[in-house]
Amino acid sequence: MSQGTTPWGPTPAGPTPAGTTPESERDTEFQEHEKILSPDFLSVAQITDLLTEDVDGVQEKLRIFLNFKNLETCLKDAILLDYYVSGFLWARRMDFSVIQYSKFMTLLAMLLQNLKTLHMSLEDSIKWLGEVMAEIGPNHSRKSEEWNIFDVKQANAIIDYIKISLFQHYKLYEFMFYSAREEIVIGTEQVIEVVKPAGGPFPEPLEEGISCDIYSTFIEPPTTLDREMKGLDQEQGPEESQPETSDVDPSFGFTIEDVKSVLDQVTDDILIGIQTEINEKLQIQEEVFNARIEKLKKA
């Protein structure tokens, strides 16, 4: 009977094929053992490169290796980078070999992968970790000690580290992978209304400000035509500027019905003009309120 292993733990034992020798069976078992925690999360070249860097250099190199591009705006990428940087720096204090670095970083990655893709519970992750550590850690039942990647002290230290770094915050990592988060608004667009340019040195009067008559009379500078007309009036003199008077009654020749008809027509014209002006002002106010409502919706 032989027993193989997978990244998820030992596989059930199966019958030994006929015609195999103990040496071939041992070689097959060794090859199966080499597949534990494979493929490697970081290559040997990447680990060697990281070992020459300080803390900031390790963080920057891991950011490049793991292709994290949105650390300033993506909280998930920042958390994952901190998780791997902390694990690598802890392994450096443990003075691991390159192969130990490789297996340890792959172990950290697979724990998160199990949580993300397989939705492993905390109990299942602890069980999976125990099975993997039994394969890559010390095992007195093995015939070859060279298969042991970690000794007893290192295996216990790894379990303690994963306990405080991942297992104690397992709910937070579950929330990070499974819960949808609202988008944080880090910028907004403001629409600013500016005063329309006026022909004169002063802007157009506001409706809630002074009346147009007062503005036109005392503030708005006279136009060129008004100045020319005023100059002509002064040149003509007081006699020419006075209108001619007549003693003839202006209503002579009109009946009462004619006067009523004219008054009705004038009244209708005035009322129509007032109604039109009121409608225009109401339409302008409606457009202003609609524009403000749209800006509030965008905000």
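Here is a friendly question-and-answer walk through a predicted model of a protein chain.

User: Let's start with the overall build. How many helices and strands does the protein chain have?
Analyst: Read along the sequence, the pattern is β-β-α-α-α-α-α-α-α-α-α-α-α. The pattern opens with β elements and then continues with α elements. The secondary structure comes to 11 helices and 2 strands.

User: What share of the residues in the protein chain counts as buried?
Analyst: A residue counts as buried when its relative accessible area is under 20%. The protein chain has 299 residues, and the share of them that counts as buried is 24%.

User: What part of the exposed area do carbon and sulfur atoms supply?
Analyst: The protein chain exposes about 22200 Å². Of that area, the part supplied by carbon and sulfur atoms is 56%.

User: Among contacts with a separation of 6 or more, what percentage joins residues 24 or more positions apart?
Analyst: Here a contact means heavy atoms within 4.5 Å. Within the contacts with a separation of 6 or more, residues 24 or more positions apart account for 61%.

User: Now to a pair of helices. Are helix 2 and helix 5 roughly parallel or roughly perpendicular to each other?
Analyst: Helix 2 covers residues 44-51 and helix 5 covers residues 98-117, and their axes are 10 Å apart. They pack at an angle of about 105°. Angles of 65 to 115 degrees count as roughly perpendicular. Helix 2 and helix 5 are therefore roughly perpendicular.

User: Which residues make that contact, and how many of them are nonpolar?
Analyst: Helix 2 brings Val 44, Ile 47 and Leu 51, while helix 5 brings Val 98, Tyr 101 and Ser 102. By class, the contact has no charged residues and 1 polar residue, and the nonpolar ones number 5.

User: Is Ser 102 buried or exposed, and which residues does Ser 102 touch?
Analyst: Ser 102 is found in helix 5. Its relative accessibility is 2%, so Ser 102 counts as buried. Not counting residues up to four places away in sequence, Ser 102 touches Asp 40, Leu 42 and Ile 47.

User: Let's stay in helix 5. What is the separation between the C-alpha atoms of Met 105 and Leu 42?
Analyst: Met 105 is found in helix 5 and counts as buried, at 0% relative accessibility. Leaving aside neighbours within four places in sequence, Met 105 is in contact with Phe 41, Leu 42, Tyr 84, Gly 87 and Phe 88. Met 105 and Leu 42 are 63 residues apart along the chain, yet their C-alpha atoms are separated by 7.2 Å.

User: How far does the backbone nitrogen of Ser 97 lie from a polar atom of the side chain of Gln 100?
Analyst: Gln 100 has its place in helix 5 and counts as buried at 9% relative accessibility. Beyond residues up to four places away in sequence, Gln 100 touches Ile 149, Phe 150 and Gln 154. From the backbone nitrogen of Ser 97 to a polar atom of the Gln 100 side chain, the distance is 2.9 Å.

User: Turning to the loops, where does Asn 67 lie?
Analyst: Asn 67 is a residue other than glycine with a positive phi, near 60°. Helix 3 covers 55-65 and helix 4 covers 75-93, and Asn 67 lies in the loop between helix 3 and helix 4.

User: Is His 119 buried or exposed?
Analyst: His 119 lies in the loop between helix 5 and helix 6 (122-136). Although His 119 is not a glycine, its phi is positive, at about 55°. With a relative accessible area of 52%, His 119 is exposed.

Note on methods:
Residues are numbered from 1 along each chain as its sequence is written. This is a predicted model: local features need pLDDT of at least 70, side-chain atom pairs count only at pLDDT 80 or more; totals for chains, interfaces and linings use all residues. Side-chain values use heavy atoms; hydrogens and water are left out. Helices (H or I, at least four residues) and strands (E, at least two) are DSSP runs, numbered from the N terminus. Buried means under 20% relative accessible area, exposed over 50%, partly exposed in between (1.4 Å probe, protein chains only). Accessible areas come from the Shrake-Rupley method with a 1.4 Å probe; for residues, only the protein chains shown count as cover. Axes are lines fitted to C-alpha atoms, for helices over the stretch in contact, and angles run from 0 to 180 degrees between N-to-C directions. Angles under 35 degrees count as roughly parallel, over 145 as roughly antiparallel, 65 to 115 as roughly perpendicular and the rest as oblique. Ala, Val, Leu, Ile, Met, Phe, Trp, Tyr, Cys and Pro count as nonpolar, Asp, Glu, Lys and Arg as charged, and the others, Gly among them, as polar. A polar contact is a pair of N or O atoms within 3.5 Å; within protein, one must be able to donate a hydrogen and the other to accept it, and residues adjacent in sequence count only if both atoms are side-chain atoms.
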